[in-house]
Structures are given as structure tokens and as C-alpha cells.
Amino acid sequence: MATNISYKKPNHKNIRSHALNTTKKQQKVNLQVVRDENGNKYRISAREKRTLLKGESTSEQ
């Protein structure tokens with residue numbers, strides 16, 4: 001099972017209809033499963049994954 005590293009929380013907002021009715025909406029975090037060199041699985045957000053991959057590509061050049 002993948003362990004959570006990212007401590008981001010869902011975003012809460014209101015949806016407003018034309019009749020001005022309000023409904024709560026929850027925008028969930030985009031969590032991705034990533035493996036490290038040892039084969040361990042981690043769940044991190046897509047933005048963190050992008051940052052990690054960007055760091056690996058610049059270090060190879």
C-alpha cells in the first residue's frame with residue numbers, strides 16, 4: 001500500500017446557480033502513486049511529482 005507524503009487538503013467552495021442557490025462543493029487533491037529507487041510506493045500530489053521529475057531531468061544534464 002502506498003503511504004501518503006502530501007499533506008494537502010481538499011479545497012471547499014460554493015456553487016451558485018442562476019437562482020442564487022448555494023451548494024457546497026469539494027475539489028479533491030490530484031494524488032499520484034510514485035515509486036522510488038527501492039520500489040517503495042508513495043502518494044504525492046501531481047504538482048509535487050512534476051517538481052521531482054523536473055529536478056531529476058536537470059541533474060542529468
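I checked confidence before anything else, since the model is predicted: within the protein chain the mean pLDDT is lowest in S1, at 84, and highest in strand S3 (residues 22-27), at 96. For the chain as a whole I noted a mean pLDDT of 90, with 97% of the residues reaching 70 or more.

I then listed the secondary structure, and found one helix and five strands, which follow one another from the N terminus as β-β-β-β-β-α.

On overall shape, I compared the radius of gyration of the protein chain, 17 Å, with the value near 10 Å that a compact globule of 61 residues would have. The C-alpha trace spans about 55 × 30 × 15 Å along its principal axes, and buried residues make up 7% of the 61 residues.

Next I followed the pairing of strand S4 (residues 31-35) with strand S5 (residues 41-45), which is antiparallel and runs over five bridges, with Val34 standing opposite Tyr42 in S5. The two strands form a hairpin with five residues between them, and in the turn I noted that Gly39 has a positive phi of about 90°.

Not counting residues up to four places away in sequence, Ser6 touches Leu31, Arg43, Ile44, Ser45 and Glu48, and a polar atom of the Ser6 side chain lies 3.5 Å from the backbone nitrogen of Lys8.

Note on methods
Residues numbered from 1 in each chain as written. Predicted model: local features only at pLDDT ≥ 70, side-chain atom pairs only at ≥ 80, totals over all residues. Heavy atoms only, no water. Polar contact = N/O pair within 3.5 Å; in protein donor to acceptor, adjacent residues only side chain to side chain. Contact = heavy atoms within 4.5 Å. pLDDT = per-residue confidence, 0-100. Helix = DSSP H or I, 4+ residues; strand = E, 2+ residues; numbered from the N terminus. Pairing = 2+ DSSP bridges. Rg over C-alpha atoms; globule rule 2.2 N^0.38 Å. Buried < 20%, exposed > 50% of the residue type's maximum accessible area, 1.4 Å probe, protein only.
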